[in-house]
Every structure is written in C-alpha cells, then in structure tokens.
Amino acid sequence: MAEIVLEGVTKRFPDGSVAVKDVDLDIADGEFVILVGPSGCGKSTTLNMIAGLEDITEGTLRIGGRVVNDLAPKERDVAMVFQSYALYPHMSVRENMGFPLRLAKVDKATIAGKVEEAARVLDLSEFLDRKPAHLSGGQRQRVAMGRAIVRDPEAFLMDEPLSNLDAKLRVQMRTQISRLQRRLGTTTVYVTHDQTEAMTLGDRVVVMRQGLVQQIGAPAHLYDLPRNLFVAGFIGSPAMNFVGAVLEAGVLRSPLGDLLLDDRTRRALERRNAPRDVIVGLRPEAFEDAALAREPGGPVLTVTVDVLESLGSDVYVHFGAEGGPVTTTELEELATDSGLRDTGAGAAQQIVARLDAATRA
Ligand code: ATP
C-alpha cells in the first residue's frame, strides 16, 4: 500500500521564509492528487519534500506507512517526473529509460523487457534507439514518463510535466497521463498552476495559496462548493464573477439589479448568519438569455454588452457592471441569432441570472 500522509508539514528555508505551513494531507493508495495554486504558493516545495529533495522543517511524512522524513530520495521508492524532463542527451531513449534500473543493478534482460514494455505503453517503441535531441517535445515527455514507469515505484511525483508543450499537445498528453495512471493504479501527486489540468486529471485537488492549503476536494466539489473567495475565483475558466450586494429580506440588491434568492440559498445564508454586505459569485454559465430561459421567472437583468469574444465553440460575452466586468458563456445563441455579434458593444440585452453560488463577504 502506497498511501502518502502529511501531518503538520512545514517548510522554513534558511532565510526564514516559510514556503509551506502546517499542511495535512492524506493521499490514498492509487489516488491521483493534484496540487494547484498560483506561482510561489508552495506546491513544488511540498512535492520536493515528498520526493526527499527538500528537508521537512516540521511535521511527519509517511509513505506506505513508513515515516520517511529522514530517508534519502532513493530510499523512498518514488519516481519524479520534472518539467524539464531531465533526459541525458548522450543516451538513447532505451538507455535513458533503463537508467534508473541500471543504477539499481537490475540485470540486463530484465531491464530490456521493462523498457520495451514501457515503450509499448507509451507508444515509443519505434524511437528506442534515438537520442532525445531527435525527438519532439511530447516524445521527450513520454520518455521521462517511461523512465519513471520502469521502476514500478510506490508513487509518481510530477512537477508541471506538461508546461513545456504547446496547447494542443498538452491536451493530448493530459488524456494520456490520465489513462496511464488509471491503468497502472500508482499513487500520483501532480503539481500544476493550470486549473484546467487540475480539474480534468485528479481524483482530488488540493488548492494552495501562500503556503497554506485552502481546500481539498474532488474537482466538482471545489467547483460547486468553494470554501472561500480565493478557491471560487481560482477554479473555473472563465473565472467566476463577483459582485458586491446587500442582503435585504431574501433579496440581494446588487449593481446588476435585484437578485431573488431561492429557498435553499436563503436558508443556507440564514443558517450561517450572513452579514448584510455580501459578495455574490456568479459562474459565467449562470446566466441565460431571457427570451430563451429554460425556467422563466428568474430575476431579469438588463445589461450592456462591452465585448464579444468568439473562441469558435464558445462565445464569451463581457458586460459592464458597477464593481467590475462580468463574463458569461451562455449568450451564444443570442449572439448568433439576434445579430448581437454585429451590433456588438453597447447592445442592451435582457438576461436571467441564476444564483449558483453566494459567498459570504
Ligand atoms: P511555481 O509555480 O512558480 O513553481 P510553487 O507554488 O511551486 O511556484 P515553490 O517553488 O514551492 O512555489 O516556492 C514557494 C515559496 O518558497 C516561494 O515564495 C519561493 O520564493 C520560496 N522558495 C523556494 N525555494 C526557496 C529557497 N531555496 N530559499 C528561500 N525561499 C525559497
């Protein structure tokens, strides 16, 4: 069993800065966990402590039930995949992939078998005799993965493994990593600053900010029930819209207009003793064209369109509101059918806002 457990793990660097503060994390055997957060939030430092590349200042780290705080990286039986791939340029793909096994003095026939099996899984068989310089970025990335796989480690630790690839290849490799992880069933901790990767790859996502864990949960849980404004704004693309509002007898008076609360949201706010001044979070898909509304009778807002952005499959409609611009993805039909695309900026439109999330100020 290769569960990874962090208890009160803190990292203080010699200059006194604290990069990771009192992190508790319980990763189950076979689980795929993503550490996500903005630059400098401490996710790589956390991964490096699990790998043994950074000392742990305080707290306990267990891998497969053993306390490993004082074990060297090679004694932890984990395999790291770096953003830079860290391949040896003078070695062929075959030699690169077999390298950790050669270091571990595994016999040649076993190495050859394992390398060939990993190459098959990763679709690299035809490249085994090439040097890294003669491979594409995606192929190099797969060699780095292969080098981790041949060791059959207790866990994979991956630090932004896709960030050197172009957007299309990143999407392809994302699917491949996800498939591979499910097939191998190896506990995996994956660091990224890309919330789309976090949402699509992991069983659970750990959102970090300034060295602190903000929330841990399944992707859908973080999306639907963010614990605070940071998580609400970080998870989701385009980002959640925030508008300030005043709560008065079950109505939110906002710069967008009055938003009526449904019973469930009203009760939840009462239970939490919500203050009068609140911040309302509206997902971009929480709006509907009033004329096409699936459930008529919601609060109708009149908004003025600032900018239309067409991404092919989606249209982002940005409209002005006091306190900042608001974005929706749900007016596409309106944009195409009513000629809004031609009218463009300045067109007044009636839309319906559904309150999917109301966040306490
Ligand atoms: P990124 O996405 O930019 O890689 P990150 O979330 O992985 O960011 P870390 O690399 O873990 O962030 O760094 C966390 C904090 O610790 C940052 O403020 C960083 O400047 C600081 N830090 C990292 N290494 C050291 C070091 N050796 N000495 C002092 N501070 C450090």
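Predicted model: local features only at pLDDT ≥ 70, side-chain atom pairs only at ≥ 80, totals over all residues.
Which residues in helix 2 (residues 93-103) are buried? They are Val93, Arg94, Asn96, Met97, Gly98 and Leu101, where buried means that 20 or more other C-beta atoms, placed from the backbone, lie within 10 Å of the residue's own, while exposed means 12 or fewer and partly exposed anything in between. Helices here are DSSP runs of H or I with at least four residues, strands are runs of E with at least two, and both are numbered from the N terminus.

Residues are numbered from 1 along each chain as its sequence is written.

Staying with helix 2, the cover over its buried residues includes helix 3 (108-121) and helix 4 (137-149), and the helix is followed by Lys105, whose phi is positive, near 60°.

Let me turn to helix 1 (residues 43-51), which is largely enclosed by the rest of the structure, because eight of its nine residues are buried. Among them are Lys43, Ser44, Thr45 and Leu47, and just after the helix Gly52 takes a positive phi of about 90°. Helix 1 also gives three residues to the shell around the ligand, the largest share. Of the 13 residues in that shell, Phe13, Ala19, Ser39, Ser44 and Thr45 come nearest, a residue being near if its C-beta atom, placed from the backbone, lies within 6 Å of the molecule.

Now the core, meaning a set of buried Ala, Val, Leu, Ile, Met, Phe, Trp, Tyr and Cys residues joined through C-beta atoms within 7 Å. The largest nonpolar core has 72 residues, and those with the most contacts inside it are Ile34, Leu157, Val189 and Val207. Domain 1 (4-234) and domain 2 (241-359) both give residues to this core, so it lies between them, with the bounds coming from an automatic or database domain assignment. Beyond its neighbours within four places in sequence, Leu157 is in contact (C-beta atoms, placed from the backbone, within 7 Å) with Leu47, Ile50, Ala51, Val78, Met80 and Val189.

Finally, the strands, which pair if DSSP finds at least two bridges between them. Strand 3 (residues 32-36) and strand 9 (residues 204-209) run parallel, joined by four bridges, and Val33 stands opposite Arg204. Strand 9 runs antiparallel to strand 10 (residues 212-217) through five bridges, with Val206 partnered by Ile216, and in their hairpin Gln210 takes a positive phi near 50°.

Note on methods:
Contact = placed C-beta atoms within 7 Å.
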